[in-house]
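My notes follow the display.

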Amino acid sequence: MPTNGQFQLMELPYEPNALAPVISAETLSFHHGKHLQTYINNLNALLPGSRFEGLSLEDIVRTADGGVFNNAGQILNHNLYFSQFRAPQENNQPVGRLAVAIEAQFAAEAADGQTAFDAFRAAFEKAGTTLFGSGWVWLSADADSQLEISQEPNASNPITRGRTPLLTFDVWEHAYYLDYQNRRPAHLSALWSIINWEEVERRYVG
Ligand code: MN
């Protein structure tokens, strides 16, 4: 539910330079401070007097279309995106029940010498590099905790299909252009070192 009828910019759970060199402080200042703030301003301007006034962000995304959906979806997506990171770590791996589920679902796709997580990571990156135009790659779970990787165009989120969103890569150019220019695959490949897997696990176990 928005505070005072208005959605607010989320606070980053780390310092602006904490994710460098994977995501620079400059990229964060534009992406979080400008792009996300604009979606919030747009949604706050659209809500008064509409049937969405007073609804949670999730309920707006589940039921809206057009400009309300686009701006609410982008707020929800970015809130989940920015809160899934932490400072770079070597050999950064999933934990808990999510690690078990990735092992169970992706082991069969692993080539010789690859782990199930390697196979998952390759499939997720491929979904990101082959998504045409702007959008998001998602890992989500259904009611039976089954995992799925999906390409979602523009502002979309697997919550619209009744799934729980777990992990996402933003492939809009504004997410990486200052640091990587056109090199989207290099950006996606670098993101694995800053994933906060404890946070992703919390989303998975509910
Ligand atoms: Mn973005």
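I counted the salt bridges and got eight in the structure. The model is a predicted one, and I went through some of the pairs in turn.

Entry on Asp118 and Arg121. I looked up this pair and found a salt bridge between the two side chains, at 2.9 Å from N to O. Both residues belong to helix H5, which covers residues 116–130, and the three-residue spacing puts about one helical turn between Asp118 and Arg121.

Entry on Glu148 and Arg163. Here I found a salt bridge whose closest N and O atoms are 3.7 Å apart. The pair joins distant parts of the chain, 15 residues apart: Glu148 is in strand S2 (residues 147–153), and Arg163 is in the loop between S2 and strand S3 (164–170). I noted Glu148 as partly exposed at 28% relative accessibility. Arg163 has a relative accessible area of 11%, so I noted Arg163 as buried, the cut-off being under 20%. I also asked which residues form a network of salt bridges. The network links Glu148, Glu152, Arg161 and Arg163.

Entry on Glu199 and Arg202. I found a salt bridge here too, with 3.1 Å between the closest N and O atoms. Helix H8 (residues 197–205) holds both Glu199 and Arg202, which are three residues apart, or about one turn of the helix.

Terms used
Residues are numbered from 1 along each chain as its sequence is written. This is a predicted model: local features need pLDDT of at least 70, side-chain atom pairs count only at pLDDT 80 or more; totals for chains, interfaces and linings use all residues. Side-chain values use heavy atoms; hydrogens and water are left out. A salt bridge is a side-chain nitrogen of Lys or Arg within 4 Å of a carboxyl oxygen of Asp or Glu. Helices (H or I, at least four residues) and strands (E, at least two) are DSSP runs, numbered from the N terminus. Buried means under 20% relative accessible area, exposed over 50%, partly exposed in between (1.4 Å probe, protein chains only).
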